[in-house]
Amino acid sequence: MQHRIIVLGAGYTGAIAAGRLAKRLRREDVAITLVNAEPDFVERVRMHQLATGQDLKPRSFSEMFAGTGVELRVAKVTGVDVDRKTVAVTDANGAEELAYDMLVYALGSGWNAQGVPGTAEHAYEIAGRPGALRLRERLARLDAGQSVVVVGGGLTGLEAATEIAEARPDLDVALAARGGLGDWLSPKGRGHLRKVFGKLGITVHEHAAVTGVEAGRVATADGKVIPAAVTVWTTGFAVHPIAKATALEVAGTGQIVVDGTMRSVSHPDVYAIGDAAMAMGPGDKPLRMSCASGTPAAWQAADAIAARLTGGKLPNAPIRYFNQCISLGRKEGLIQYVTADDRAVQAVLTGRLAALYKELICKGAAWGVANPTLGLPTRRRRVTRERAAVGSAGKALA
Ligand SMILES: Cc1cc2nc3c(=O)[nH]c(=O)nc-3n(C[C@H](O)[C@H](O)[C@H](O)COP(=O)(O)OP(=O)(O)OC[C@H]3O[C@@H](n4cnc5c(N)ncnc54)[C@H](O)[C@@H]3O)c2cc1C
């Protein structure tokens with residue numbers, strides 16, 4: 001009997017986990033199924049580029065996983081039953097139930113309207129491809145002088161505002177941030193941000209909490225009304241509600257609570273990675289939703305599963321941060337170096353070199369999905385029936 005491992009979601013983390021498991025475990029012993037709503041890999045970190053009219057390199061999963069032993073199932077996940085160990089999926093042929101012995105949950109996240117009135121109806125978003133394409137089409141129809149307001153002063157907001165302003169210098173682009181512009185960055189980092197925003201002509205509304213979105217404008221808590229032919233909402237990500245509807249232990253955010261090996265603290269046969277997981281990082285702070293922490297988490301989960309199924313050594317490399325890589329259009333960037341727990345230090349890299357660095361990081365992230373062991377030689381190890389039973393039940397080898 002093969003050990004059935006189902007990976008849900010083929011974004012940065014799910015695709016890496018599935019590919020890495022296939023490199024670590026003997027083909028005869030496991031059936032690895034990767035379920036994803038789309039037939040191709042979406043470079044989510046480039047959605048602001050897609051929205052501003054740039055075309056992204058197509059990356060088909062059938063090519064990526066050819067010959068790896070991973071079976072791709074293009075279908076939408078509609079539910080998970082962790083007691084019966086089944087996943088409900090639908091595709092063009094209808095609904096079906098898939099049974100698993102071990103589950104890796106990596107369904108990522110979407111945008112977060114945060115309950116602000118009018119956002120769902122009037123705002124655009126770039127958390128995923130459909131949203132980015134919708135914004136792309138809308139931006140293309142804007143006339144010179146029309147206003148775009150990006151709401152959210154986090155990494156995605158900074159990247160979106162600068163990308164739009166650079167691609168469309170004829171538009172009136174503004175950013176509304178709840179705090180100060182880049183207030184978590186080092187003084188040098190903040191200074192550079194202000195310089196680039198100034199050069200690109202982006203108006204910055206600081207300490208402006210947006211409380212409502214209407215057609216043509218947004219309102220802030222201090223009573224300001226900012227004209228916005230287009231509002232782009234980037235105030236954080238929210239996870240899909242599927243995990244919350246299961247018996248899994250989830251955090252208030254709906255993320256699955258996992259231990260240091262990315263294993264669910266309530267269900268040992270379930271692992272969660274990427275945006276969908278609540279894992280503690282350095283300084284006992286939750287890992288932030290990012291590829292920066294999601295990628296090592298995917299390696300960690302795959303290696304832990306392989307170790308538990310084959311009797312190998314459990315991985316225990318701590319997941320830490322090195323830098324925050326921010327694109328500021330195609331010609332400018334900011335690399336803010338950080339402590340292990342993601343706090344800015346003095347050192348930054350700016351300018352064209354930073355833009356190039358960020359581009360290499362994005363290329364590297366996509367390369368890492370297709371090369372889940374980073375090109376290093378690996379040995380496929382044998383899964384024994386006993387190990388499989390213990391690994392799933394989580395009684396030993398914890
Ligand atoms: C514009 C933008 C810029 C970003 N820049 C950076 C950056 O510079 N650095 C960084 O570290 N992070 C960045 N991020 C965050 C990063 O993209 C995410 O943290 C990362 O993609 C999370 O990986 P994941 O595998 O958890 O989820 P995802 O990459 O979102 O993958 C989830 C997968 O699950 C699939 N899926 C979802 N629901 C279902 C369903 N019901 N059925 C079937 N399939 C489903 C999706 O189609 C997708 O393939 C950025 C995000 C955005 C939007």
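Which residue has a polar backbone atom 2.8 Å from a nitrogen atom of the ligand? Select Val77 and you have found that residue. A polar contact here is a pair of N or O atoms within 3.5 Å; within protein, one must be able to donate a hydrogen and the other to accept it, and residues adjacent in sequence count only if both atoms are side-chain atoms.

Before you click on: this is a predicted model, where local features need pLDDT of at least 70, side-chain atom pairs count only at pLDDT 80 or more, and totals for chains, interfaces and linings use all residues. Residues are numbered from 1 along each chain as its sequence is written, and side-chain values use heavy atoms, with hydrogens and water left out.

**Stop 1**

Next, Tyr12: one of its backbone N or O atoms is 3.4 Å from an oxygen atom of the ligand. On its own the ligand exposes 1000 Å², and the protein buries 89% of that (Shrake-Rupley areas with a 1.4 Å probe; for residues, only the protein chains shown count as cover).

Helices (H or I, at least four residues) and strands (E, at least two) are DSSP runs, numbered from the N terminus.

**Stop 1: the sheet with β4**

An open, antiparallel sheet of three strands runs β4-β5-β6; strands pair if DSSP finds at least two bridges between them. β4 (76-81) and β6 (94-99) are the edges, each with a single partner strand, so one side of each has no neighbour in the sheet. Neighbouring strands are turned by 25 degrees against each other on average, direction ignored (axes are lines fitted to C-alpha atoms, for helices over the stretch in contact, and angles run from 0 to 180 degrees between N-to-C directions).

Zoom in on β4 and β5 (residues 86-91): five bridges join them, and Val80 stands opposite Val87.

Then select Arg73 and Asp91, a salt bridge with its closest N and O atoms 2.9 Å apart. The pair links distant parts of the chain, strand β3 (residues 70-74) and strand β5, 18 residues apart. The structure holds 27 salt bridges, each a side-chain nitrogen of Lys or Arg within 4 Å of a carboxyl oxygen of Asp or Glu.

**Stop 2: a hairpin**

Jump to β13 (residues 210-214) and β14 (residues 216-220), paired antiparallel over four bridges. They form a hairpin with one residue between them, and Gly212 faces Ala219 across the pair.

**Stop 3: β21-β22-β23**

Finish at another open sheet of three strands, ordered β21-β22-β23 with antiparallel pairing. Its edge strands, β21 (323-327) and β23 (344-350), each pair on one side only. The twist averages 20 degrees from one strand to the next. Four bridges join β22 (residues 333-338) to β23, with Gln336 opposite Val348.
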